[in-house]
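Please open the structure in your viewer and keep the selection tool at hand. The stops below are meant to be taken in order, each with something to select and something to look at.

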Amino acid sequence: MVISAEVTLCSWRTSMADRPRRVHGSGVLVVLAALLACGTSPERGPLVETSCSNDNCQTTGSARRTTGLTADSVGFTIGPGLGTLTLSNVEVRERGEYDVFALIRGSGFVRVSVDAQSCAPLPVLPGWPEPPAPSCSTVDVGVSEKYRWVPVAARLRGPESIDVSIQTVDETSEVQVLNVGFQPSPVDDSGAGCSSDSSGPSD
Amino acid sequence: MPGFATLTVVADSSAVVDSAPRRNVEKSARLKWFGRASIGQGWVLRSDQENALRLQGYDSPFTSYFGLDGAYFPWPRLGLGVWGVFSERDDSTDLLPEFEETVLVGGVQVPVAIIDDPHVRILLDARLGVVTGRQQLHGAGEFVEAPAVGLDFGVVFPKAYFGLGAGMFSAPVSPTGELGADGNFGRGYFVLVAYIDG
């Protein structure tokens, strides 16, 4: 399955535009909650920086560790050629549902797998609506020339530890992995003011 | 009749006596040199590196800005001088390591006194220089050098030793990290100015 980098994420501008006249009493709380859920600085885990500075990241094949945006930071390249980067036992401190993203650029496609305890579906309780199923399946992601946050898993439940694996799918694909991060899952479109025009956790 | 002749001579003499000091005053009021110290708010110029940093979560474009410059005017309204800038920014969140950027610039400038009045002067400076700077996330960034070009606009009040200024310079740089993108250590800025001249 190939997924697009376009994803339904929150936009505080939209949420503000949707609620201009109802900012009274509990309405204020609704807007504040929407802003917290869809804020301009969503919670992100600098997973590569924190996990990989402790050598918790493994590379195989054409994957190799290098410097990131600056000479003293961490990044990874994979390809050309087959290779895999694995971040193991990454701690996600987010409470509640969260989505996982990878900040990558390059060409071709990469296969991203996220393994987490919360990938197991929740039991459906009598009298309660069925919870949304987490998306933990392996996805093939198209990589663009410029850095973009690409969604790789959705609606996991933290806090927990996760494993993230990124690998090239053919001999020609080449990807630079700058970061892996997470943020709270967007609230349902029943009023949280989420839009479909964002390209990642934060632009 | 002799009285008329005397009166004429006196009138001519006063004209001579009056015009000489006026020319001297105008000449002495002309700008010969100036020195400025500037402090203010700067902001970074957009670049691919800046876009990548913002994606990472480092989304504050604002910097500190300190400048020193001066010039000598060998020609009316047109001078030659030097300039220097120090600018720094820090950005951090709870989850990300602190990002630090340090920029130093020095170079030559050609100021033009658009308005050269003893009470208010408007100066426009074309600037060339060399920038050295670094970006770092863990306190061990590498310095990189590049040429810089800029333009500065200032309004100064010599009697008050005060002025205001704004401008920008651009300094495209190569990334120091392998996954970095083309950056720019340039700045736009608004400044308050302490000013002296002669």
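Two residues are in contact if their C-beta atoms, placed from the backbone, lie within 7 Å. With that in mind, select chain A of this predicted model, where, among contacts between residues at least 6 apart in sequence, 79% join residues at least 24 apart. Chain A has 203 residues, of which 42% count as buried, and its secondary structure comes to three helices and 11 strands. If you follow the chain from the N terminus, the elements run β-β-α-α-α-β-β-β-β-β-β-β-β-β.

**Strand E7 of chain A**

Next, select residues 109–116 of chain A, which form strand E7. In a regular strand the side chains alternate between the two faces of the sheet. On the covered face of E7(A) you will find A:Val110, A:Val112, A:Val114 and A:Ala116, whereas A:Phe109, A:Arg111, A:Ser113 and A:Asp115 make up the uncovered face.

Now centre the view on A:Val100, which, leaving aside its neighbours within four places in sequence, is in contact with A:Val114, A:Val152, A:Ala153, A:Leu156, A:Val164, A:Val180 and A:Phe182.

**The barrel of chain B**

Moving to chain B, select the eight strands that close into a barrel in the order E1-E2-E3-E4-E5-E6-E7-E10, with antiparallel pairing. From one strand to the next, the twist averages 25°. For one pair in detail, take strand E2 (residues 62–75) and strand E3 (residues 78–91) of chain B, which pair in the antiparallel sense over 10 bridges; within this pair, B:Gly70 has B:Val82 in E3(B) as its bridge partner.

Stay in strand E2 of chain B and select B:Gly67. Why does B:Gly67 count as buried? It does so because B:Gly67 has 23 C-beta neighbours inside 10 Å, where 20 or more are needed. Not counting residues up to four places away in sequence, B:Gly67 touches B:Ser38, B:Trp83, B:Gly84, B:Val85 and B:Val191. Although B:Gly67 and B:Val191 are 124 residues apart in sequence, they are 8.8 Å apart in space, C-alpha to C-alpha.

**Where the chains touch**

Finally, show both chains together and look at their contact, which takes 24 residues from chain B and 23 residues from chain A. On the side of chain B, the elements that give two or more residues are helix H2 (48–56) and strand E5 (121–136), and the largest share, five residues, comes from H2(B). Colouring this side of chain B by residue type will show nine nonpolar, 12 polar and three charged residues.

Key
Residues numbered from 1 in each chain as written. Chains lettered and ligands numbered in written order. Predicted model: local features only at pLDDT ≥ 70, side-chain atom pairs only at ≥ 80, totals over all residues. Helix = DSSP H or I, 4+ residues; strand = E, 2+ residues; numbered from the N terminus. Buried ≥ 20, exposed ≤ 12 C-beta atoms within 10 Å, placed from the backbone. Pairing = 2+ DSSP bridges. Axes fitted to C-alpha atoms, helices over the stretch in contact; angles between N-to-C directions. Nonpolar A, V, L, I, M, F, W, Y, C, P; charged D, E, K, R; others polar.
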